[in-house]
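Student: I have a new structure open and would like a quick tour. Can we go through it together?
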Amino acid sequence: MIVYYDWKEGAFLHCDSFEDSQDSYIPLESLKDELILRYRRIIPPKQLEVTEENKKEEEKGKRSKERNIGEVVKKVTEWKKLYTHGINGSKSHTLKEAANIVKVPRKTLSDYLLLLKKGKKYGFDFNMYSEAKIGLLRLFVKLKLANEKAVAK
């Protein structure tokens with residue numbers, strides 16, 4: 001998957017995927033002085049190798065890579081529901097207790113919540129990029145904040 005930052009739109013746009021054999025073009029009017037290009041090779045699950053190390057990591061329950069944006073949205077939503085309503089309408093939990101139930105550290109969830117709020121504020125398309133890694137949202141917010149500061153000067 002290849003995405004580029006369109007300065008005119010103020011967002012990352014899908015450009016091409018590796019499987020396509022045709023050429024793709026980026027309109028010149030959407031570029032400024034620089035081109036920010038991101039690409040990621042998407043490997044179908046059938047091609048992933050199952051090794052002893054992967055099995056051990058799965059058994060431990062630890063993740064080896066950063067989370068998908070869709071997964072982050074689900075975890076943060078569940079965490080906030082546990083904090084405000086509790087389980088099945090019972091007493092609500094503290095933020096730390098709710099984080100323990102969700103099995104993600106509280107500081108990480110707080111960071112994700114802030115990222116999601118800023119992404120929403122700046123118009124990030126969560127549906128389109130739900131399978132992308134959270135680093136894409138971090139970059140989007142970082143670029144928007146830098147752009148906002150540059151405009152303010």
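Student: What share of the 153 residues in the chain is buried?

Tutor: Buried residues make up 30% of the 153. Buried means under 20% relative accessible area, exposed means over 50%, and partly exposed is in between (1.4 Å probe, protein chains only). A word on the source: this is a predicted model, where local features need pLDDT of at least 70, side-chain atom pairs count only at pLDDT 80 or more, and totals for chains, interfaces and linings use all residues. Residues are numbered from 1 along each chain as its sequence is written, and side-chain values use heavy atoms, with hydrogens and water left out.

Student: How much accessible surface does the chain have?

Tutor: About 11,400 Å². Carbon and sulfur atoms hold 51% of that surface. The areas come from the Shrake-Rupley method with a 1.4 Å probe; for residues, only the protein chains shown count as cover.

Student: Which helices and strands are there, and in what order?

Tutor: The chain has 5 helices and 3 strands. From the N terminus the order is β-β-β-α-α-α-α-α. Helices (H or I, at least four residues) and strands (E, at least two) are DSSP runs, numbered from the N terminus.

Student: What share of the contacts joins residues 24 or more positions apart?

Tutor: That share is 52%, taken over contacts with a separation of 6 or more. Contact means heavy atoms within 4.5 Å.

Student: On to the helices. At what angle do helix 2 and helix 4 pack?

Tutor: About 110°, with the axes 10 Å apart. That makes helix 2 roughly perpendicular to helix 4. Axes are lines fitted to C-alpha atoms, for helices over the stretch in contact, and angles run from 0 to 180 degrees between N-to-C directions. Under 35 degrees counts as roughly parallel, over 145 as roughly antiparallel, 65 to 115 as roughly perpendicular and the rest as oblique.

Student: Is the crossing of helix 2 and helix 4 left-handed or right-handed?

Tutor: Left-handed. That means the near helix is turned anticlockwise from the far one by less than a right angle; clockwise would be right-handed.

Student: Which residues of helix 2 and helix 4 meet?

Tutor: Helix 2 brings Val 72, Val 73, Lys 75, Val 76, Trp 79 and Lys 80. Helix 4 brings Arg 106, Leu 109, Ser 110, Tyr 112, Leu 113 and Leu 116. By class, this contact of helix 2 with helix 4 has 8 nonpolar, 1 polar and 3 charged residues. Ala, Val, Leu, Ile, Met, Phe, Trp, Tyr, Cys and Pro count as nonpolar, Asp, Glu, Lys and Arg as charged, and the others, Gly among them, as polar.

Student: And helix 2 with helix 3, what is the angle there?

Tutor: About 135°, with the axes 9 Å apart. Helix 2 and helix 3 are therefore oblique to each other. Their crossing is right-handed. Lys 75, Glu 78, Trp 79, Leu 82 and Tyr 83 of helix 2 touch Leu 95, Ala 98, Ala 99, Ile 101 and Val 102 of helix 3. This contact has 8 nonpolar, no polar and 2 charged residues.

Student: Where is His 93?

Tutor: In the loop between helix 2 and helix 3. His 93 is buried, at 16% relative accessible area. Leaving aside neighbours within four places in sequence, His 93 contacts Leu 82, Tyr 83, Gly 86, Ile 87, Ala 98 and Ile 101.

Student: What about Lys 103, buried or exposed?

Tutor: Lys 103 is exposed, at 71% relative accessibility. It lies in the loop between helix 3 and helix 4. Its phi is positive, about 70°, although Lys 103 is not a glycine. Most residues other than glycine have a negative phi.

Student: Last pair: how do helix 4 and helix 5 cross?

Tutor: At roughly 55°, with the axes coming within 10 Å. Helix 4 and helix 5 are therefore oblique to each other. The crossing is left-handed. Among the residues of that contact are Tyr 112 and Lys 121 of helix 4, and Phe 140 and Glu 148 of helix 5.

Student: What does Glu 148 touch?

Tutor: Lys 121 and Tyr 122, not counting residues up to four places away in sequence. Glu 148 is partly exposed, at 41% relative accessible area.

Student: And Leu 143, buried or exposed?

Tutor: Leu 143 counts as buried, at 15% relative accessibility. Leu 143 is also in helix 5. Its C-alpha atom is 9.2 Å from that of Ala 11, 132 residues apart along the chain.
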